[in-house]
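Thanks for coming. I'll take one structure today and go from the overall layout down to a few side chains. Please have the sequence and the picture in view.

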Amino acid sequence: MPLVPATSVLAAARAGRYAVGAFNAHNLEFVQGILRAAEELQAPVILQLTARAIHYAGLRTLASMVRAAAQQSPVPVVMHLDQGDYEMNMRCLVAGFTSLMFDGSALPFAMNVEESHRVAEAAHVMGIPVEGELGHVGGRRQAAPGAPEDFTDPDAAQRYVTLSGVDSLAVTVGSVPRMREKTARLDIARIRALSHATGVPLVLRHSSGLTDDDLRQAISNGIAKVVVGTELNHAFTGALRQAVERDPEQIDPRPLLGAGRTAIAEVVREKIRLFGSAGKGLEAASQAISGR
């Protein structure tokens, strides 16, 4: 089916108290592995393209690959820009992305509002939703959770969403990037307060350091989208290494890359089941078609 906007997919998830997985895709094998798992479990899915991936492979190349794969898929697929500046958001809007994100989390509050509003204003003309972010923990791997004073404040979040016009909000509530141990603990009460204050789907951007129980509680209290990146990278590169070790004389890259694709699909299946979105593809598709 054609690419769908994130609006209805996330609205259905928030109402149904499940989350849609947003999986970072870097190449063909990532796209195929993610969609293979989503189709098997009949789940809506968000394929995320980061600015770094776009710089590496090219915007048109990646966008065309995702669009072609989505058109052959029976489940709702969103093509999302993850953490872009204003220029990248405008380029992706023209390229046909069905969800955008402006990352102004490191900016002063007023500037974040202003720049987020600029992106939302342009995107909404074309019916495309925009994700904003409030609260900041940085992009480098960290061994421990961020400090509570860095967490997203519900009152500030309400003002930000109202003034900027964004459709969903990435929040900082206790998880940090690229953790290797599951030692982070989410502030569930804060998530609940943020959901009530903003009235929009909430996004959890960093999930690698979280226990399954924490994730389930977060989802039941307002998290409608969970980003998965680090675990996919580990699975893919680990599978490639093992494939080379098993057959060091192999010069055909396809069996090696195919092993990585299989590993990606395994992780995505696990996450879809954990997030509660298995079997929700038809529901999300119906909402997307009806425009709700």
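In secondary structure, this protein has 12 helices and eight strands. Keep in mind that the model is predicted. Of its 292 residues, 55% are buried. The exposed surface comes to about 12,700 Å², and carbon and sulfur atoms supply 51% of that. Among contacts with a separation of 6 or more, 74% are between residues 24 or more positions apart.

Next, the interior. As a general point, nonpolar side chains in soluble globular proteins tend to be buried together. Here the largest nonpolar core has 79 residues, and those touching the most other members are Ile34, Ile54, Phe97, Leu100, Leu169, Ile223 and Leu232. Helix α11, residues 253-275, gives this core its largest share, 10 residues. There is also a second, separate core of 16 residues, with Val4, Val9, Ala13 and Val203 among them.

What does Leu232 contact, leaving aside neighbours within four places in sequence? The list is Phe23, Asn24, Phe30, Ile34, Ile264, Val267 and Val268.

Phe30 on that list brings me to the aromatic rings. A search of the whole structure turns up one aromatic pair. The partners are Phe30 and Phe236, with centres 4.9 Å apart and 50° between the planes, which makes the pair tilted. Phe30 belongs to helix α2, residues 28-40, and Phe236 to helix α10, residues 230-246, so the pair ties together parts 206 residues apart in sequence. Phe30 has 3% relative accessibility, so Phe30 counts as buried. Phe236 has 7%, and is therefore buried as well.

Last, two arginines over rings. Arg118 lies over the face of Tyr86, 3.8 Å from the ring centre. Arg159 has its charged end over the ring of Phe109, at 5.4 Å from the centre.

That's the tour; I'll take questions.

Methods: Residues numbered from 1 in each chain as written. Predicted model: local features only at pLDDT ≥ 70, side-chain atom pairs only at ≥ 80, totals over all residues. Heavy atoms only, no water. Phe/Tyr/Trp six-rings, centres within 6.5 Å; stacked < 30°, edge-to-face > 60°. Helix = DSSP H or I, 4+ residues; strand = E, 2+ residues; numbered from the N terminus. Buried < 20%, exposed > 50% of the residue type's maximum accessible area, 1.4 Å probe, protein only. Lys NZ or Arg CZ within 6 Å of the ring centre and 35° of its normal. Contact = heavy atoms within 4.5 Å. Areas by Shrake-Rupley, 256 points an atom, 1.4 Å probe, with all protein chains shown as cover. Core = buried A, V, L, I, M, F, W, Y, C linked by side-chain atoms within 4.5 Å.
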